[in-house]
Amino acid sequence: MICGTLAFLSIGLLVGALAKSQEAATALVNLIILPMAFLGGTFIPLAFAPQWIVHVSYVMPLRYLVIGMQNVMARGDGPASALPAMGLLLAFAAVLTLIAVRVFRWDEI
């Protein structure tokens, strides 16, 4: 859960760095989070999804959060089974945070 929170926090940091107003931030978040929720494997299992959705889901951090949690909580695998998903989530968080730091600029209001 912590790794997933960090990954989604990094999305928020990037949106905050890019958006110039609260309305723009809301639009950007909706543009990112809503498709990720539907295409990341939370509402429909990816085994039943069309191939294009499966391919798109590989770039979404929600997929790895779902996989890691399902491995431990639903499939009964041990906590070590979530380590690859945790690593990918942390890598995603690090990359997006670095991009957000590079893009962020203080503006005079």
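Contact here means heavy atoms within 4.5 Å. By that criterion, residues 24 or more positions apart account for 56% of the contacts in the chain with a separation of 6 or more.

**Figure 1. Overview of the chain in the predicted model.** The chain has five helices and zero strands, and its elements follow the pattern α-α-α-α-α along the sequence. Taken along the principal axes, the C-alpha atoms fill a box of roughly 50 × 30 × 20 Å. Of the 109 residues in the chain, 31% are buried. The accessible surface comes to about 7300 Å², and carbon and sulfur atoms hold 73% of that surface.

Figure 2. Confidence is highest in helix H5 (residues 83-103), at a mean of 96. Helix H3 (residues 51-57) has the lowest confidence, at a mean of 89.

**Figure 3. The largest nonpolar core.** This core has 21 residues. The residues with the most contacts inside the core are Ile11, Met36, Leu46, Ala49, Ile53, Leu62 and Leu89. H1, helix H2 (22-39), H3, helix H4 (61-74) and H5 each supply at least two residues of the core. The largest share, six residues, comes from H1. In soluble globular proteins, nonpolar side chains tend to be buried together.

**Figure 4. Surroundings of isoleucine 53 in the core.** Isoleucine 53 is among the residues with the most contacts inside the largest nonpolar core. When neighbours within four places in sequence are left aside, isoleucine 53 is in contact with Leu39 and Leu46. Leu46 is itself listed among the core residues with the most contacts.

**Figure 5. Serine 10 and its partners from elsewhere in the sequence.** Serine 10 lies in helix H1. Its relative accessible area is 0%, which is under 20%, so serine 10 counts as buried. Apart from neighbours within four places in sequence, serine 10 is in contact with Phe92, Ala93, Leu96 and Thr97.

**Figure 6. A nonpolar patch on the surface.** The patch is formed by Ile2, Leu6, Leu9, Leu13 and Leu90. Together these residues have about 460 Å² of accessible area. Helix H1 (residues 2-18) gives the most to the patch, with four residues. One of the patch residues, isoleucine 2, is found in helix H1. Isoleucine 2 is classed as exposed because its relative accessible area, 66%, is over 50%.

**Figure 7. Glycine 87 and alanine 91 in helix H5.** Glycine 87 lies in helix H5 and is partly exposed, with a relative accessible area of 37%. Alanine 91 also lies in helix H5; at 39% relative accessibility, alanine 91 counts as partly exposed. Two C-alpha separations can be followed from these residues. Glycine 87 and alanine 37 are 50 residues apart in sequence, and their C-alpha atoms are 20 Å apart in space. Alanine 91 and aspartate 77 are 14 residues apart along the chain, and their C-alpha atoms are separated by 23 Å.

Note on methods:
Residues numbered from 1 in each chain as written. Predicted model: local features only at pLDDT ≥ 70, side-chain atom pairs only at ≥ 80, totals over all residues. Heavy atoms only, no water. pLDDT = per-residue confidence, 0-100. Patch = residues over 30% accessible without salt bridge, like charges linked within 9 Å, V, L, I, M, F, W, Y side chains within 5 Å. Areas by Shrake-Rupley, 256 points an atom, 1.4 Å probe, with all protein chains shown as cover. Salt bridge = Lys/Arg side-chain N within 4 Å of Asp/Glu carboxyl O. Buried < 20%, exposed > 50% of the residue type's maximum accessible area, 1.4 Å probe, protein only. Core = buried A, V, L, I, M, F, W, Y, C linked by side-chain atoms within 4.5 Å.
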